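Hi,

Here is the structure I promised to pass on. Have a look at it first, then read my notes below.

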Amino acid sequence: MSITLNSPLDMHLHLRDEAMLSTVGPLSSETFSGAIIMPNLVPPVSTKEELLAYKSRILNACNNKSFTPFMTLFFKPTYTREFLESIKDELTAIKLYPAGITTNSEGGLSGFDVDELRPTLDAMAELNIPLCIHGETNGFVMDREAEFVSIYEMLATNFPKLKIIMEHITTKASVEALDKFENLYATITLHHLLITLDDVAGGMLQPHLFCKPIAKRPEDREALRAVALSGHPKVMFGSDSAPHPQHAKESCGCASGVFTAPIALQVLTDLFVEHSSVEKLQAFVSDNAQKIYSNLTVPQKNITLEKKAFIVPNKYAEVVPMFAGEKLNYSITQIEG
Ligand SMILES: [Zn+2]
């Protein structure tokens, strides 16, 4: 049996910069038609010049005409309407990080004051620029996302015309919020569909599965699977593939992030086949995203997968992927486009 995916999209991707970008960029651009590129470089991408320069570094590193990097800016409440209008054609979304919550997010937002945010968020809504949010508070690590749901609800209520994407959701609480507000959407990673905290820390500590938001409880994973496997129209695949060099993961003070870009489509196919939901995979990996964003021009690319063993490399340069050295059930056998 073979499965063909049309123009798969990764709606949440970290490509980093410099040597790391050269390593990981081609691994995404080979099999995906496009990706939403996260702006958390040092310093974060927050001007038109930085955005255009980063885009050209990505295009250079990827060197693949059928891959579009969809660029984002690092949210600042000081962005004016004039600024957003001037950058609108180069920009797909804006990513909001609460201050200090994950890798390179120190300059993020430290409060959610509606009056302070209103000029920027109203302008984004009018210009059809979605707001992507890393939704975690500074609370207890297992509760951070569930605590943030009230902020999602406050923003969704106050800015009903703004498309708000709850990035990499990991909890039942976030899944439940999806259907309460018309303007809330979500991305879900591969690893959060697969693992719980038990896989990270239940036995010997698994640094390559350590990420933010941290994997949660079995009932949370079930809720995520239910919406992904049913092709729920408000959820999209976003890998949050976040490479770090091996020494930064296998160390005292492990960096957060799971590297899944080169194995994501193979493992998603296996998961969807296993749950008799393979006919929903196209919606999850591309169609839903195109409807939700409505401003994407997506290159044509057909990816064919077959049930054929694929041994995951132990490393891609200095980066250890999820399932390193293990055998996957599906392989990519053809790429057109
Ligand atoms: Zn991320």
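Let's start with a histidine: His12 is buried, at 0% relative accessible area (buried means under 20%, with a 1.4 Å probe and protein chains only). His14 counts as buried too, at 7%. Before I go on, this is a predicted model, where local features need pLDDT of at least 70, side-chain atom pairs count only at pLDDT 80 or more, and totals for chains, interfaces and linings use all residues. Residues are numbered from 1 along each chain as its sequence is written, and side-chain values use heavy atoms, leaving out hydrogens and water.

Both histidines hold the zinc ion through NE2, together with Asp240 through OD, at 2.1 Å. (Donors are N, O and S atoms within 2.8 Å of the metal, or 3.2 Å for Na, K and Ca; water is not among the atoms, so sites may look incomplete.) Along the sequence, the spacing of these donors reads H-x1-H-x225-D.

Next, the inside. The largest nonpolar core has 95 residues, and Ile94 and Phe284 have the most contacts inside it. (Such a core is a set of buried Ala, Val, Leu, Ile, Met, Phe, Trp, Tyr and Cys residues joined through side-chain atoms within 4.5 Å.) Leaving aside neighbours within four places in sequence, Phe284 is in contact (heavy atoms within 4.5 Å) with Ile188, Leu193, Ala228, Val235, Met236, Phe237, Leu268 and Phe272. In soluble globular proteins, nonpolar side chains tend to be buried together.

Enjoy exploring!

Terms used:
Buried means under 20% relative accessible area, exposed over 50%, partly exposed in between (1.4 Å probe, protein chains only).
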